[in-house]
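Thanks for letting me look through this one. Here are my notes, point by point, to read alongside the model.

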Amino acid sequence: MGNNRIVIFGAAGFIGFHLASALAKNEHSELVLVDNFVRSEFDTDFKTLISRANCKFIEADARDAQFLEELIKPGDVVYNLVAFNGTDNFYEVPSDVISHSALTGINIARVCATKKVKKYYYFGSSESYAGGIENSWVPLPTPEKVPFVISDPSNPRWSYAISKQIGEMACYANGSQYGLDFLIFRIHNIYGPRMGFDHVVPDLIRKFAQGNGTVLGPDQTRSFLYIDDAIKLILELSIKSEAGDISETLINIGSDAEVRIQEVADILKSLINPALELVSQEAPAGSVARRKPDLTLLREYLSFNPLSITEGLARTKQDYFQNNRF
Ligand SMILES: NC(=O)c1ccc[n+]([C@@H]2O[C@H](COP(=O)([O-])OP(=O)(O)OC[C@H]3O[C@@H](n4cnc5c(N)ncnc54)[C@H](O)[C@@H]3O)[C@@H](O)[C@H]2O)c1
């Protein structure tokens, strides 16, 4: 990190906002934040962040290679958190999903490479190998080195996964051709305040607050990591990486505490509406039954003690209620 200018693409989104907020606390850092709000809002939280003296905001489409050429400078540290996520979008607007998610992964990596940035951080996804879990080609817990799997290219559900695969591949391609110095964080189920409604935790918070006790896929499991823990890991890894202390190009970020969706629902019910009757329904089509990263590599670099799911859910629920996010 040092004194280099930091450019964050996707800064108005869930993780991008929390990452930028943490980095902006250092008043000596110079931050350039980019987003086009295709998947986020220009809300009070974001307005407060960009009012800081060390933050400059640019509303722009990060697919635009000409814009990237003008923006990115040699020596920058660049975080690419752009994506067009959301299960409904995978089916309803898969062309938009693949365009925003893949073109940004290709173009940002290439311009970072040719401009010789100091470091390029790409935010990959467990979706890249999710098809392999369905087919038992990928082990659980899942280490970093596993095959990418697209189960059925004719099913638009995979438009996001293939885009995230391309984003990772673009790092290796530009590393090989232009010597791009990069690190991929492969992200697994982060949750916390201001995360929208397209994920299971805020979806349940909103439904339970409205008196709807429907729980989709209660027997599925996920390994949830609270956002503050995720940001801490990302910042610590960035410092080590920029100091040349990390030889890896890809590190899993997540929790290895596997939790059933039923448990998440039970905790949220007790926090929001203890009298609510929960009704189980089938999981959304195509969602994997289990997800659990192997964190051996991460723990070689850092020791961490993640927040319990009970405490993390309580903090998330409090944020949604206090800030009236419904
Ligand atoms: N949240 C998770 O648990 C999770 C899990 C796996 C991977 N990831 C990855 O981490 C990154 C951040 O995830 P998130 O949950 O914060 O997502 P998010 O949807 O909240 O944020 C993504 C941001 O990118 C912006 N964006 C999309 N297309 C753009 C474009 N063309 N130009 C400029 N901005 C654009 C959106 O408006 C949004 O603000 C993504 O790359 C995602 O694939 C997140």
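1. A crossing is left-handed if the near helix is turned anticlockwise from the far one by less than a right angle, and right-handed if clockwise. Val201, Pro202 and Ile205 of H8 make the contact with Leu313, Thr316, Lys317 and Tyr320 of H12; contact requires C-beta atoms, placed from the backbone, within 7 Å. Those residues divide into five nonpolar, one polar and one charged. For the classes, Ala, Val, Leu, Ile, Met, Phe, Trp, Tyr, Cys and Pro count as nonpolar, Asp, Glu, Lys and Arg as charged, and the others, Gly among them, as polar.

2. The geometry of this pair is as follows: the axes of H8 (residues 200-209) and H12 (residues 309-322) come within 11 Å and cross at roughly 55°. Axes are lines fitted to C-alpha atoms, for helices over the stretch in contact, and angles run from 0 to 180 degrees between N-to-C directions. H8 and H12 are therefore oblique to each other; under 35 degrees counts as roughly parallel, over 145 as roughly antiparallel, 65 to 115 as roughly perpendicular and the rest as oblique.

3. Before going further, a word on the basis of these notes. This is a predicted model, in which local features need pLDDT of at least 70 and side-chain atom pairs count only at pLDDT 80 or more, while totals for chains, interfaces and linings use all residues. Residues are numbered from 1 along each chain as its sequence is written.

4. H8 also packs against H10 (residues 261-272), at an angle of about 40° and with the axes 10 Å apart. This crossing is right-handed too. On the H8 side the contact involves Val200, Val201, Leu204, Ile205, Phe208 and Ala209, and on the H10 side Ile261, Val264, Ala265, Leu268, Lys269 and Ile272. By class, that contact has 11 nonpolar residues, no polar ones and one charged.

5. What about H6 and H7? The axes of H6 (residues 127-134) and H7 (residues 159-178) come within 7 Å and cross at roughly 120°, so the two helices are oblique to each other. Glu127, Ser128, Ala130 and Gly131 in H6 meet Tyr160, Ala161, Lys164, Gln165 and Glu168 in H7. The contact divides into three nonpolar, three polar and three charged residues.

6. Two backbone details deserve a look. Most residues other than glycine have a negative phi, and most peptide bonds are trans. The bond from leucine 140 to proline 141 is cis, with omega near -5°, and proline 141 is in the loop between H6 and H7. Asparagine 189 has a positive phi, near 40°, and lies in the loop between E6 (182-187) and E7 (190-191).

7. Now the ligand. Of the 30 residues around it, Gly10, Gly13, Ser40, Ala83 and Ser125 come nearest; a residue is near a molecule or strand if its C-beta atom, placed from the backbone, lies within 6 Å of it. Two or more residues of the shell come from each of H1 (14-24), E2 (31-35), H5 (94-114) and E5 (119-125). H1 gives the largest share, three residues. By class, the shell has 14 nonpolar, 11 polar and five charged residues.

8. Finally, the overall picture. The protein has 12 helices and 13 strands, where helices (H or I, at least four residues) and strands (E, at least two) are DSSP runs, numbered from the N terminus. The C-alpha trace spans about 55 × 45 × 40 Å along its principal axes.

Conventions: Two residues are in contact if their C-beta atoms, placed from the backbone, lie within 7 Å.
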